[in-house]
Amino acid sequence: MNTKNKSETYLEAVLRKGYTRRDFMKFVTYMSAFMGLESSMIGQVAKALETKKRIPVIWEHFQECTGCSESFIRSDHPLAADLILDSISLDYTDTLMAAAGHNAEEAKQASMKENYGKYILVVEGAIPTKDDGVYCTIAGRTAVEILKESAAGAAAIITFGSCSAWGGIQAAYPNPTGSVPVDAIIKDKPIIRVPGCPPIGEVMTGVVVHYATFGTLPALDDMGRPKQFYGKRVHDSCYRRPYFDAGLFAETFDSEEAKKGYCLYKLGCRGPVTYNACGFMEWNNGVSYPIKSGYPCIGCSEKDFWDNGPFTERLENLPGFGIEATADKIGKIVVGAAVAGAAVHAVASNVAKRKELKKHEDRGVFNEKNIKE
Amino acid sequence: MANRIVIDPITRIEGHLRIEAEIKDGKVVNAYSSSTMVRGMEKIVEGRDPRDVWAFVQRACGVCTTVHAIASIRSVEDALGIVVPPNAELARNIVTIAHAFQDHVVHFYHLHALDWVDVTQVLNADPKATSELAQSISSWPKSSPGYFSDVKNRIKKFVESGQLGIFANGYWGHPAMKLPAEVNLLAVAHYLEALEWQKEIVKVHTILGGKNPHPHFLVGGMASSVNVNDAGGLNAEKLAYVGKLLHDAKTFINQVYIPDLLAIASFYKDWGAIGVSGFKNYLSFGDLPADNYRNPSSFKWPQGVILNGDLSKVHEIDIRDTKVFQEFVNKSWYDYSKGKDVGLNPWEGETNIHYTGPKPPYEHLNVDKEYSFVKTPRWNGKPMEVGPLARVLIGFAKGIPEYKEVVNFALKTLDIPVEALFSTLGRTAARGLETKLLTEWGLEFYDRLLTNIKNGDTKMANMDKWDPSTWPKEAKGVGYMEAPRGGLSHWIVIKDGKTDNYQMVVPTTWNASPRDPKGQLSAYEASLIGTPIADPNNPVEILRTIHSFDPCLACAVH
Amino acid sequence: MATTTYNFKRVYVWEIPVRIFHWITAFSTTILIITGFIIADPPAIESNVEATNSYWFGLVRAIHFITAYILIANLIFRLYWAFVGNQFANWRNFIPYTKKGLKNILYVLKVDILLMPDKEHKLSNISIGHNYLAAFSYTIMTVFFILQVMTGLALIGDTSSWWLPKFFHFMVPLFGGDIAVRYVHHILTWLFMAFIVIHVYLVLYHDYVEARGEASAMISGFKFIRAERVEEKEEDIIEKAEKQMWEGDKGDE
Ligand code: HEM
Ligand code: HEM
Ligand code: NFV
Ligand code: SF4
Ligand code: SF4
Ligand code: F3S
Ligand SMILES: [Mg+2]
């Protein structure tokens with residue numbers, strides 16, 4: 001008996017039979033090819049078979065440089081345009097939306113209301129908290145207030161960039177505006193941390209596409225980052241790695257060694273301590289990454305990387321000891337002091353304990369005599 | 001009574017800009033420009049290694065990525081007397097040009113176009129007529145009726161989905177929208193194409209600096225070293241990649257951007273009289289040294305000042321003259337140790353953030369007192385407009401043939417007088433015209449780089465003064481350049497190998513700043529006055545003029 | 001020349017496992033410091049060998065990691081021995097929780113560190129095994145060793161397929177990233193260096209000033225103790241000392 005519910009779409013039917021959405025897309029692709037449709041029609045075929053709402057996305061901009069938005073539109077697969085037109089409904093973003101002022105704010109409020117509990121909140125930029133948040137206001141309201149409002153109805157939050165993920169540049173010492181990352185303010189929502197200054201475009205769209213395609217949030221590591229993009233250190237897939245293992249290092253820029261592609265470790269490369277996709281995905285659709293273009297990694301996806309400088313030195317300055325104090329400088333002083341202390345102590349003890357030492361000696365001489373006797 | 005309207009956020013720009021405008025009898029009679037976000041970058045780089053500062057200040061802006069980094073490394077090189085090798089100078093020029101391509105094109109299609117283009121009108125367009133139009137103005141191959149029909153269907157489907165996304169609540173059907181449906185379709189098709197293309201041209205940065213946005217830079221030269229026999233270095237393959245990207249950019253700009261710009265402009269010629277600043281002072285530091293950064297006479301982007309719209313004279317500038325360049329904070333949320341009304345040369349500049357504005361949430365700023373995080377720069381006490389228009393006017397006024405050629409071409413095509421350039425239309429047109437010039441210069445610099453390498457000059461960096469122990473105890477420098485939005489200068493004081501003071505005076509700082517102690521308006525505020533407003537509730541006209549400057553407030557405040 | 005002379009007794013303090021532990025510790029720590037500093041700041045070398053045919057830096061790191069595992073095993077063993085070894089090796093020596101312990105620390109500080117005259121001449125102040133200050137320094141070192149092991153394991157955790165290093169990866173989010181973890185690892189190295197300088201010096205100092213065979217004890221196992229301090233048989237002292245340890249010092253002088 002095979003009585004099919006009339007209102008069931010093909011997609012639902014396919015899913016009911018245990019196929020995934022991807023299988024479905026594959027099916028549609030074959031179908032279209034069979035029917036001789038141009039590939040640009042595939043989307044439409046899929047649409048006809050399943051009518052699905054695009055995922056609403058609210059993109060907030062706080063203390064930012066918009067480099068993350070820029071990186072997002074650099075994505076090659078998917079193209080940002082395809083994502084915006086086909087998969088998500090980007091209902092609010094300062095950077096691209098047509099409406100401004102109250103028109104923009106009203107569009108946001110409408111989407112948040114209609115999609116309460118269902119939209120994805122994207123945050124670019126950090127949130128200043130000092131002096132009641134007056135260092136970033138939009139339409140007369142503070143970033144803190146706006147963030148709380150937009151987070152309330154979000155299904156999940158994606159923090160794009162080191163600013164919203166870690167605090168970023170404005171949180172660098174002395175953090176003049178008391179900037180904090182999103183998770184310092186929002187505690188009750190799943191937060192996907194996508195750090196990098198900015199992150200790679202395909203990483204950014206990749207996180208969104210993962211959600212759009214599989215309907216689940218990507219698996220995260222213990223720092224809340226998607227494992228698929230942040231599971232490896234830059235160093236682990238760096239093309240200069242053979243030089244590292246061979247101990248062949250460039251000592252300075254544009255030297256013979258630098259030209260030969262020697263490892264940039266001694267120029268302060270943070271690749272060995274930086275989790276990012278640069279080594280295996282490379283930037284701008286696989287063209288290069290900083291190390292490949294001759295400059296060491298500065299660790300731009302790591303927490304507090306701004307305060308781990310100087311970037312071109314292996315050892316960063318020790319916080320709290322003034323700017324030129326590396327662990328080595330202090331270490332040398334400590335060990336030097338220990339050696340000097342021991343030396344002084346040695347001299348002093350020969351003086352202070354001279355009676356005791358004399359006694360030992362006398363005793364020794366005395367005993368020696370006794371032995372002789 | 002004037003009606004005070006507020007536009008906040010101004011969207012399709014970079015950063016947090018708020019405009020408060022007083023409207024009377026359908027016209028703007030007074031305007032206040034404010035930025036409501038500050039990060040304190042100048043404080044953050046204090047005490048840092050000057051060789052690292054480029055990375056920090058580059059994060060002033062990810063839209064005009066690279067420019068702050070270049071200004072920064074130049075300021076350090078200036079302070080320390082480092083002369084970079086010719087190849088590095090050429091590579092930096094190529095980076096600057098590739099960036100201007102991307103920034104200008106994105107500005108035109110993705111930030112500015114929706115002020116003039118009505119997306120919903122696409123549904124009324126005839127793809128065949130659009131195709132004919134496209135073919136009549138350009139030889140760009142993607143212009144078949146089928147192509148435009150695909151785009152139209154895509155937009156139709158999108159609109160019918162009911163989820164309008166970034167197009168929700170736009171200024172559709174606004175009386176100020178003048179384009180025929182077909183031009184709208186053409187523009188929307190190229191909106192999508194430009195979005196796809198812009199991610200290509202930035203690969204020039206990826207090759208030379210490792211990534212974009214925010215490629216890596218090096219005090220003393222460029223880190224991407226030349227080794228034609230190694231996979232790692234700049235070799236034939238990588239150089240060829242750069243060449244191809246520059247060629248493709250030239251094609252795209254000449255066959256898509258410029259024709260679209262002129263086509264759209266031809267329907268908005270009345271905007272040649274709107275958005276005029278009044279003071280009509282223009283400043284350009286100049287950039288793109290054909291020879292060396294220390295030799296401004298070799299610059300492709302010319303240096304100088306035009307006063308009161310007088311194109312018969314270009315004044316010389318001396319950027320090191322500490323009495324000439326000053327920043328004021330009388331209307332800004334900062335304190336100076338010497339009081340509110342003094343101007344400071346950036347080498348003695350101070351960044352003491354002190355917010356005195358209304359307590360959020362607020363309706364209006366208190367414009368009688370301080371009302372912005374942007375400082376107010378002045379040249380010889382005068383407000384200046386900076387940007388593509390300034391550069392093009394100065395090149396034109398100097399009688400440089402290339403500039404005269406493109407300006408005359410535009411004036412003739414649009415059939416407008418030269419005075420129409422001092423306007424919203426002029427700003428938008430100048431941006432396109434300089435982009436056209438840049439396509440030639442980019443290839444010129446590229447060819448010279450290839451020739452140098454072929455002749456055996458592979459030096460990319462001068463590392464003689466890399467080690468801080470070789471530096472003087474105290475030094476100061478200024479690094480300037482022409483960013484897409486205009487003249488940019490970074491001022492550094494180095495003491496004991498560390499950054500002692502750092503000040504950035506940014507194009508948008510010039511243009512978007514609040515009033516100075518003499519009550520003189522800066523470019524945004526001055527240009528808005530007189531702008532006609534059909535519907536105060538939907539003031540798209542304000543957006544047009546403001547967008548014609550291509551605002552960047554993260555830059556302006558930093 | 002009035003010289004009193006004493007009888008000394010040979011006391012077996014450091015059992016073989018403790019001695020082996022000690023020298024493995026000394027040896028592996030030295031190797032780890034050397035290889036660690038090479039990792040931190042490798043020398044520049046010029047080479048015409050293709051990178052793929054050379055692996056010296058990889059080797060240095062491999063030595064560091066292998067030695068690290070030796071150190072870890074050694075440490076675990078010593079922690080075990082702190083419960084089953086003789087009373088000089090017992091964990092109670094290492095935590096100055098008794099009045100006697102605290103008094104002894106004060107004594108050592110005064111007499112050995114500040115070189116003040118020993119007015120009391122109380123025999124019980126002379127330790128048979130560790131003096132309490134030294135013992136406490138080893139406790140602090142043990143904490144540092146554990147931290148060093150944890151940070152080290154955390155650093156290799158991500159590229160290792162073994163659960164042990166993976167387990168310690170929790171340190172990374174705790175510290176805020178690999179950079180911070182590596183930095184702590186690096187700083188601790190300097191503390192080890194400082195400890196070694198002081199430790200070796202003080203061992204030699206005691207050897208020189210007290211002349212009881214302090215240094216050689218770590219090789220032979222035996223120290224020389226005044227006979228009056230050890231009137232009873234060796235076993236008796238041990239028993240007494242153990243009692244003291246458990247019940248506190250009743251003052252036996
Ligand atoms: C890398 C160098 C060294 C390290 C890390 C080190 C570490 C230690 C540790 C952890 C202990 C406590 C042993 C225990 O109770 O299980 C100890 C005790 C001792 N070490 Fe070392 N040691 C080092 C070098 C030396 C050297 C070179 C000597 C001899 C000259 C030495 C002589 C001793 C002696 C005599 C003791 C017993 C101290 C006491 O009675 O207070 N150590 N050492
Ligand atoms: C006394 C014990 C140890 C000392 C003195 C020591 C010292 C050092 C030093 C100085 C470094 C260089 C840090 C830098 O890059 O600045 C280092 C790196 C490292 N150590 Fe240790 N270490 C010790 C034990 C361990 C242990 C137990 C492990 C665990 C497996 C370990 C794993 C590592 C790792 C993974 C690195 C980083 C190597 C790399 O980046 O290539 N270390 N160590
Ligand atoms: N104003 C500005 Fe920039 C530019 N162009 C900087 O120098 O945009 Ni972000
Ligand atoms: S993370 Fe970096 S690129 Fe992104 S907004 Fe912040 S500063 Fe800009
Ligand atoms: S260049 Fe950096 S990331 Fe690459 S191998 Fe060397 S240290 Fe590792
Ligand atoms: S600096 Fe950033 S872009 Fe990649 S190589 Fe390093 S994480
Ligand atoms: Mg400034």
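Okay, so when I say a residue is near a molecule or strand, I mean one of its heavy atoms lies within 4 Å of it. Before the details, this is a predicted model, where local features need pLDDT of at least 70, side-chain atom pairs count only at pLDDT 80 or more, and totals for chains, interfaces and linings use all residues. Residues are numbered from 1 along each chain as its sequence is written, chains are lettered from A and ligands numbered from 1 in the order in which they are written, and side-chain values use heavy atoms, with hydrogens and water left out.

Let's start with ligand 5. The residues around it include His235(A), Arg240(A), Arg241(A), Phe244(A), Tyr265(A) and Ile291(A), plus the cysteines Cys238(A), Cys263(A) and Cys269(A). By class, that shell has eight nonpolar, two polar and two charged residues; here Ala, Val, Leu, Ile, Met, Phe, Trp, Tyr, Cys and Pro count as nonpolar, Asp, Glu, Lys and Arg as charged, and the others, Gly among them, as polar.

Now the interface. How many residues does the contact take from chain B and from chain A? It's 97 from chain B and 92 from chain A, with contact meaning heavy atoms within 4.5 Å.

Then there are five salt bridges between chain B and chain A, that is, a side-chain nitrogen of Lys or Arg within 4 Å of a carboxyl oxygen of Asp or Glu. For instance, Lys199(B) forms a salt bridge with Asp76(A), and the closest N and O atoms there are 3.7 Å apart.
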